[in-house]
Amino acid sequence: FRFSKIVYAFVIITMSLPIVGSMPSEIRMLKQLNIFGTFGSMYVLRFNFLSVYYLILFAQFEVIPMTYTEAAKIDGADNATVMFRIIVPQALNTIVTVFVLSFITYWNDFQIPLLYLPDYPTAAYCIYYFVNVSQGGNVTGDVPVQLAGTIIMTLPIIIVYAVFNKKLRVSVAMGGIKG
């Protein structure tokens with residue numbers, strides 16, 4: 001991509017800026033768009049490329065040899081074919097790893113949905129509420145029920161890991177190989 005160095009510099013600069021204090025402006029923007037308190041607002045806020053995962057994917061796509069794409073172009077492949085039949089399969093392990101890490105991050109997050117979706121509490125917030133509020137701060141209350149709730153909350157993470165287990169192990173093993 002012609003402007004990749006500019007986009008990369010923009011991401012690095014944006015990641016280095018502090019985000020403290022941006023929450024009131026985000027809430028105001030969502031209210032002006034009439035999507036505050038909806039699931040669409042979470043997609044608007046989370047659909048960005050300004051994170052460490054961008055750097056991971058950038059590094060992965062940078063190490064893929066251009067000879068594959070050049071050979072495909074000579075054979076008459078268009079850009080979409082090159083991307084989805086040559087580039088993505090080579091980066092699939094990294095893409096799956098980023099997906100699983102993002103899933104775990106968003107699944108365990110209770111602060112952001114609590115602020116932006118006050119009418120839709122998440123499972124993590126329900127566990128927090130049960131332990132700290134409903135029991136009057138008595139965290140030693142009903143321990144078996146707390147443990148059962150925690151296990152139920154971790155089941156989606158275990159299922160996602162079980163499904164993508166092989167891809168994750170290959171990605172971690174590939175990262176340790178020195179050429």
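## The big picture

Of the 179 residues of the protein, 20% count as buried, where buried means under 20% relative accessible area, exposed means over 50%, and partly exposed is in between (1.4 Å probe, protein chains only). Bear in mind that this is a predicted model, in which local features need pLDDT of at least 70 and side-chain atom pairs count only at pLDDT 80 or more, while totals for chains, interfaces and linings use all residues. Residues are numbered from 1 along each chain as its sequence is written, and side-chain values use heavy atoms, with hydrogens and water left out.

The protein has 9 helices and 0 strands. Helices here are DSSP runs (H or I, at least four residues), strands are E runs of at least two, and both are numbered from the N terminus. The accessible surface of the protein comes to about 12800 Å², and 69% of that belongs to carbon and sulfur atoms; such areas come from the Shrake-Rupley method with a 1.4 Å probe, and for residues only the protein chains shown count as cover. Now for contacts, meaning heavy atoms within 4.5 Å: among those between residues at least 6 apart in sequence, 66% join residues at least 24 apart.

## Inside the protein

Y116 is worth a look: leaving aside neighbours within four places in sequence, its contacts include M23, I27, L30, F36, M42 and L45. As for α3, the residues S41, M42 and L45 are buried there. They cover an arc of only 100° around the axis, so they sit on the same side of α3; the arc is that of the directions from the helix axis to the C-beta atoms. The buried residues of α3 pack against α2 and α7.

N34 isn't a glycine, yet it has a positive phi of about 60°. With 68% relative accessibility, N34 counts as exposed.

K31 lies over the face of F36, at 5.2 Å from the ring centre. For a charge to sit over a ring, NZ of Lys or CZ of Arg has to be within 6 Å of the ring centre and within 35 degrees of the ring normal.

The structure holds 5 aromatic pairs. In one of them, the rings of F103 and W107 have their centres 6.1 Å apart and their planes at 15°, so this pair is stacked. Rings of Phe, Tyr and Trp (its six-membered ring) pair if their centres lie within 6.5 Å; planes under 30 degrees apart count as stacked, over 60 as edge-to-face and the rest as tilted.

F103 and W107 both belong to helix α6 (residues 79–108), 4 residues apart, about one turn of the helix. F103 is partly exposed at 23% relative accessibility, and W107 is partly exposed too, with a relative accessible area of 28%. Ring pairs link F99, F103, W107 and F164 into a cluster.
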